[in-house]
Structures are given as structure tokens and as C-alpha cells.
Amino acid sequence: MYQAFLIKYGEIGVKGKNRHIFEDTLVSQIGNALKPVEGTFTVRRENGRIYVETGSAYDYDEVVDALQCVFGIVGISPVVLAEDEGFDQLAELVVSYVGRAFSKQDFTFKVVTRRARKNYPMESMEVSAALGERLLEAFPGLSVDVHHPQVVISVEIRNKINIYSHTIPGPGGMPVGTAGRAMLLLSGGIDSPVAGYMIAKRGVRIDAVYFHAPPYTSERARQKVVELAGIVAKYAGPIRLHIVNFTQIQLYIYEKCPHDQLTIIMRRYMMKLAEHFAREDEDLGLITGESIGQVASQTMQSLAVTNEVCTMPVYRPLIGADKQDIVNIAQKIGTYETSILPYEDCCTIFVAKHPVTKPNLKSVRKSESHLTEKIDMLMEEAVRTAETVRAEAGAV
């Protein structure tokens, strides 16, 4: 029934002279999202509109699902397209559309007409009124309500006639690729995949680093994180995932440092390694899933001590979120069920029974001085032996 999908965007529309850059990126991202979907699709821009035109049989639900994962889209309207062959033919098309699009014609409605072509022989209000009259004649169960209609039938007179009546919500945000790159510290928990999703929603391309601790963490824990990266990649595009063997560094910290400082010191070395890979990948910052006060390493004092080792900006999109808010987003984007699988990550394996919640930077630095004999060598070994995989939607 629908020959195209009209793509509606939000913030892009106020980008001024740079608007075309964002539109072109959105067109590219839509094309990428539709590659796995069976069918032939053409994505094009036309006078402030983006259309996905269908050139063959396609699965409606698959197309909508794919488009709902493209950041930058705020609405998706299935559209009937037709050549302009006069008002009578337009009226027949609108009547036919209402007959096919709605199982029962017993609702209130209004017709809204927009004329992109001002040479059309009728004014917009005239077209709307005349089409409304034809619909009332064709379907006695319909009634007009111009203030609070149940259905708005939109008719846009452009190079082709556009007819549509409903808009499916998109994810919003900005097209991925319009705001640089950043490195996500990805664990197997609930928070970090959500943090990556939220930063990608602002147009940032995502790389990721995961700290693995064999034999204390299993191969299933590693695969869980690869799967989480694949789910995030459904929205963010392909992700370079660096898998770092962190076992020897953790054991050395466990041996040399006070146990109440284990978490904060390990976290500091994770940030150092993440920053190393971020510079290699030409990223502009780090992303974490930290939320103030959620655990001992996420108090204000702990975050300040952790940040001290970083020279790059650290983006924490969940910093003020309640846990339930984060869980709700994880469920919406499809990471929650994977995140709660019972495979431990390296942070939970080596957590102290009574971790310090208000670490003192001077004291932490003093404890780290006990590591000078081997820590540089262990860090170099962790970098040298890291494995990089490409996580893609549907690939795991």
C-alpha cells in the first residue's frame, strides 16, 4: 500500500547553513540501517524532506524496526505517493487510502493540506474542505472535528502527492557520525551499554574497551560483553571493541595495595588503559556508566580520584539517573536481558568487602607507589596482548 516512508527529523531543522551536512549523514545512516532488510530502497532528500522509497516487495514491520534504530529520526510516516492528475483523481486516492488504511471508518477526522507547489489551482483550505466532503460522502460513519480529531489526514502537494495519516515515533537525537568519536568503558552490567547508547544518540561514534580477567571471569562473560556491544551497535553502528586482559594488573594491585582501595585503584588503571586505546582510535573522550552514589566507586570523592588520572574529558550521561531510570532504558533498547545474565566481570570478582567510599587522593597515590616495580611492564603487556573485534548488529 505504501510506496515510501516520510522521515521526520527534529534538531536538524535548526542547523542553518550546516543543515545539509546533518541531512546527508542521516540519509547515509538510514541506508546503512536498511541494508539487512529484504527489498530495494532508495533514500533521498527533497526540499526539506527525506524519503525512503520502496522499489520492490518488502516487510513493513522490518523496515519500521530498522528505521526506529536510526538516531536523528523523530517520526516515520508511511506514505502513499501519486502523480498530480487533478483534484478528482486526488479525491479518489484519499477515499481509497482511508478505506484501506482503517479497518473501520467510524472516527472523527480533519484533512490538513500543504502546498509546496503554489501554482496548484486550489488553495490549501479549499482542498481540505473539498476532500473532507468527499470522505463524508464515501463513509457515513466519519465526522469532522477540526479541534480534536482522532485522525489527521495529511495531504502534501509536492512534485508528487503525499498522503499519510499516522506517524510512528523514532528515537530522536542526532545522526551518528556528526559529533566525533569516544571510547566507552563497557562492562557486562546494565549501566555502561545504556551510557554508550545515550552518547551515540547525540551523534557520537562509539569505540569500546572491555577488561577481561581470565580465569576469574569465564569465556561466557567475554561473549556476553561482545553481545552487548552488538546490541548497542544496532543504534550506534559498528563498534571497535578492545578486549584487554586485566588479570595480572588486578592480582598485582591485590597483592600490593590496601584492600579497601582495590576498587578505586583498579578503576584508575582501567581509565589509563582506556585513554591509551582512545588515543590510538583518535577518540575525543571517554564514556562511563557511572551514576553518583550507586556504588562505592561512584561517590563524588571516588569519581574525583578516578578522574585525576585522565587527561581526556570523561562523559557520564547517567550521572544523575536513578537505577530504575537506567533499567527502563536498558529494557527499551534490548540490553537488559543480556546484562543480567549471571556471568561475573572483573570488577565484581575483585571487589573489597568494605571498599572506601571517600578516598583520599594523597593516600591512593601513596598506595600506588607500591606498584612501581612492575606496573609499567604489566600495563605494556595488557596493551600488547589486547584483542580487537568488530561488533555489529545481528553479528553475534
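Contact here means heavy atoms within 4.5 Å. With that in hand, welcome to a short tour of this predicted model.

**Nonpolar cores**

- The largest nonpolar core holds 36 residues, and Leu-241 is among those with the most contacts inside it, together with Leu-184, Leu-186, Ile-206, Ile-239 and Ile-287.
- At least two residues of this core come from each of strand 10 (181–185), strand 11 (205–212), strand 12 (239–245) and strand 15 (387–391), and likewise from each of helix 5 (191–200), helix 6 (219–236) and helix 10 (323–333).
- Helix 6 is the biggest contributor to this core, giving 8 residues.
- Another core, of 33 residues, lies apart from it and includes Leu-185, Phe-211, Ile-375 and Ala-382.
- As general background, nonpolar side chains in soluble globular proteins tend to be buried together.

**Helix 7 with helix 8**

- Helix 7 (residues 247–256) and helix 8 cross at roughly 145°, and their axes come within 10 Å.
- This crossing of helix 7 and helix 8 is right-handed.
- Helix 7 brings Ile-249, Gln-250, Ile-253 and Tyr-254 to the contact, while helix 8 brings Leu-262, Ile-265, Met-266, Tyr-269 and Leu-273.
- Sorted by class, the residues of this contact are 8 nonpolar and 1 polar, with no charged ones.

**Helix 8 with helix 9**

- Helix 8 (residues 262–280) also packs with helix 9 (residues 300–307), at an angle of about 40° and with the axes 9 Å apart.
- Helix 8 passes helix 9 in a right-handed crossing.
- On the helix 8 side the contact is made by Ile-264, Arg-267, Arg-268 and Met-271, and on the helix 9 side by Ser-302, Val-305 and Thr-306.
- This contact of helix 8 with helix 9 comprises 3 nonpolar, 2 polar and 2 charged residues.

**Backbone details in loops**

- The peptide bond from Pro-214 to Pro-215 is cis, its omega being near 0°.
- Pro-215 sits in the loop between strand 11 and helix 6.
- Glu-282 has a positive phi, near 60°, although this residue is not glycine.
- The loop between helix 8 and strand 13 (286–287) is where Glu-282 is found.
- With a relative accessible area of 67%, Glu-282 counts as exposed because that value is over 50%.

Conventions
Residues are numbered from 1 along each chain as its sequence is written. This is a predicted model: local features need pLDDT of at least 70, side-chain atom pairs count only at pLDDT 80 or more; totals for chains, interfaces and linings use all residues. Side-chain values use heavy atoms; hydrogens and water are left out. Axes are lines fitted to C-alpha atoms, for helices over the stretch in contact, and angles run from 0 to 180 degrees between N-to-C directions. Helices (H or I, at least four residues) and strands (E, at least two) are DSSP runs, numbered from the N terminus. A crossing is left-handed if the near helix is turned anticlockwise from the far one by less than a right angle, and right-handed if clockwise. Ala, Val, Leu, Ile, Met, Phe, Trp, Tyr, Cys and Pro count as nonpolar, Asp, Glu, Lys and Arg as charged, and the others, Gly among them, as polar. A nonpolar core is a set of buried Ala, Val, Leu, Ile, Met, Phe, Trp, Tyr and Cys residues joined through side-chain atoms within 4.5 Å. Buried means under 20% relative accessible area, exposed over 50%, partly exposed in between (1.4 Å probe, protein chains only).
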